Amino acid sequence: MARFDINNIPENEEDIDFTDIEERYQLSFEEGFDNIVVVDNIPLVDETKEEKLIQFLRKIFKNVGEIRDKHFTMPKAVNEKGKLMSKGFMFIEFETAEQATLAVKLIDGFKMDKSHTLAVNRFTDVEKYSAVEEEFHPPAEEEFIEKEHLKSWLADEMGRDQMVIYRHNEVQVLWNMQKEQPQIAHNKPHWTETYVQWSPLGSYLTTFHTQGVALWGGESWKKIIRFVHPGVKLIDYSPNERFLVTWSNEPIVVPEENNDGPFGPEDEGNQIVIWDVKSGALLRTFPSLAPQAPNGRSTVSWPVFKWSPSERYFARVTPGSQISVYEAPSMGLLNKKSIKIDGVVDFEWAPSAGADKSGKVKDDMLAYWTPEVDNQPARVTLLNIPSQDIVRTKNLFNVNDCKLHWQNQGEFLCVKDDRHTKNKKVTYSNLEIFRIREKDIPVEVVEVKESILAFAWEPKGERFAVITTSDPNFTSATPGSTTLKTSASFYYLDKGKGKDTLQSFKVIKTLTGKSCNTIFWSPKGRNVVLATLRSQTVWDLEFYDLDFEPLESAAAKVPTGGEKDPAAYLQLLSSGEHYGVTDIEWDPSGRFVATSASVWRHTMENGYQIWDFKGQMLYKENLEKFKQLVWRPRPKTLLSKDQIKNIRKNLREYSTRFDEQDMESSSLVSSAERQRRRTLLQEWADWRKRVEADLASDRAAAGQQVAAATADDEEAEEVDEWIEEVIDEKEEIVA
């Protein structure tokens, strides 16, 4: 120990060096003051208004935790006028560090009034950032690592689409090869634990695991990012893949110690999480409002949050009371309050917000409906967001239930309402169609007079299809147990002649005596599949074309005035059957349809089939424990309208080139198949000779006599059997 020299004591206290004592007894701010926050930008007040200000701040921080009076510290100083005033900031001490963290998250940026916006920071952060060196030292430059393009599959020279297949414990990403076995793009066993799901634009393949979900993509299918949410069961992307919503039936549990996860104390007990897809950041968690099932488990109507097409807003309904609209990416409640709507049941966003002539983005629009209450009729309302202006309302009488169906371009809204007669003994359906783009949004009522099983708009079109039934078994039958007698009707918008002619939806044709219960339009419109799904006895598939060019016999139906008869252009192209079919999906190009039978529904002949849009089966494969087939979505085309118009104009030229490629591909496939068969035959002959030689050697070693070859054997004739297979067949009708 150094001896103390009394003769070297400095005259001034400021000259004494305390650095050795400070280093020895230094207190870490990270450990001692982590439950204290600094609140800046509060109003300057004197002693007379100090108590009033503290009470006001107490109300602001009430959702964070209880704050005692002695835990408010407001520094003061004498101003130029000699009056004791606060300095515009204060310290608040909470019971725990978690409450301090929650205060920063919830109150930072809170507007007290027009002139004061609170800035809340942890005291330890203030100390940490105040110790930053004044001189800037540039960080070390990281080596640039080029990432794979997430949309590389779109550059395929053959313009093929991809699909993902999940069978047993194996997941395969495949190229569609039309009539041939799909080509494997990537294959990975145990890639997911429950199922797989594409993002809306096809950039990511999502796999599900016990601890969360993972996103995969790029040419080599590397893992791009993962999101930790234990027990996740359902996910939903925003329309442009910027945000991801996950749901688990297990409430979030935050460990008291060694919490390495993304969740904090404020997330405890919540079940819904919203993430930023690119950064992986947790944006906010929400509690689930789903009711409890009789077995104690949570039930949920998915998606809980519905996104506006602009991704600026997302919303959910609290049945019977309100619609809560949130802003993205701030995750805050729009106008800091929910929209109170008594009795509200459901809502849907319009698919397209659009823009006005100046290019300014229009408000997003949503439609919601409320049921009959006392003497008030049921009502459908169109609401602009964020202005919350009511654009249109329509009262509905004697209504049991409603379903909202938007046309995919937002030009029409169809409200399918299930009605009852005054004595409530007979039920039927009506269609209330809102024409959104027209002045004052007129509403047309289409009376159906039967119960509607299915409704679907033609994509990018003005036509729709409905499946109806008057079968008495409809209300009592268990789904899938009884095949109902149904009718399928197609409607179009009759624009009439002249400016003053009223437009109305009229029936193109009604097909009776059917058993179909689902409608699948091609994503390009025009073609549609009517199918009987999940039935135990019928698995019919019918392929229709609504713009079929009629032959001379059909053309005779066209009136002499030149006006087209839409019914003359509705043509059944083909009928088929897929035993046990459970799912149907069009590929993004609208050229192919995949039908599948999943083991999740039954165990009979599981597998899938690929059809073309005309209803010709191209490929079939039965797979044991087959679970799922999903086409990979494509983003919107980058071609302009003029470029698309030019391609259609020169379609014959492109068709000739594609036909040549198809012929060449078919020829290569046929040649390869013949060569494969020759190879198999030669391998079999070599194997037979080898086995005969081994057998003769074994007999000789055993002392058995080997039969000598006879003259008849030498003169034996070898016969090659050729099996012909029809690769393609065309039929021409010669006038």
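Let me begin with R435, which is buried because its relative accessible area is 8%, where buried means under 20% relative accessible area, exposed over 50%, and partly exposed in between, with a 1.4 Å probe and protein chains only. R435 forms a salt bridge with E438, with the closest N and O atoms 2.8 Å apart, and E438 counts as partly exposed at 30% relative accessibility. A salt bridge here is a side-chain nitrogen of Lys or Arg within 4 Å of a carboxyl oxygen of Asp or Glu.

Before going further, a word on the basis: this is a predicted model, in which local features need pLDDT of at least 70 and side-chain atom pairs count only at pLDDT 80 or more, while totals for chains, interfaces and linings use all residues. Residues are numbered from 1 along each chain as its sequence is written, and side-chain values use heavy atoms, with hydrogens and water left out.

Staying with charges, the structure has 25 salt bridges by this rule. One of them joins the side chains of E458 and R463 at 2.8 Å, N to O, and both E458 and R463 are buried. In another, D583 meets R534, the closest N and O atoms being 3.2 Å apart. That pair links distant parts of the chain, 49 residues apart, since D583 is in strand β38 (residues 583-586) and R534 in the loop between β35 (527-531) and β36 (540-545); helices (H or I, at least four residues) and strands (E, at least two) are DSSP runs, numbered from the N terminus. D583 is partly exposed at 31% relative accessibility, and R534 is partly exposed as well, with a relative accessible area of 38%. There is also a network of salt bridges that links K394, D417, R419 and E432.

Now to the rings. The structure holds 32 aromatic pairs, a pair being rings of Phe, Tyr and Trp (its six-membered ring) with centres within 6.5 Å, where planes under 30 degrees apart count as stacked, over 60 as edge-to-face and the rest as tilted. The pair of Y195 and F208 is stacked, because the ring centres are 4.2 Å apart and the planes are at 25°. Y195 lies in the loop between β9 (183-189) and β10 (196-198) and F208 in strand β11 (residues 205-209), so this pair ties together parts that are 13 residues apart in sequence. Both Y195 and F208 are buried. By contrast in geometry, F455 and W457 form an edge-to-face pair, 5.7 Å centre to centre with 85° between the planes. F455 is buried at 11% relative accessibility, and W457 is buried with a relative accessible area of 9%. Ring pairs also link F243, F286, F305, W307, F314 and Y326 into a cluster.

Finally, what surrounds T285, leaving aside its neighbours within four places in sequence? T285 lies in strand β17 (residues 282-286) and is buried, with a relative accessible area of 7%. With those neighbours left aside, T285 is in contact, meaning heavy atoms within 4.5 Å, with I252, F263, D267, N270, I272 and V273. Its side chain makes a polar contact of 2.7 Å with the side chain of D267, and another polar contact, of 2.8 Å, joins the side chains of T285 and N270. A polar contact is a pair of N or O atoms within 3.5 Å; within protein, one must be able to donate a hydrogen and the other to accept it, and residues adjacent in sequence count only if both atoms are side-chain atoms.
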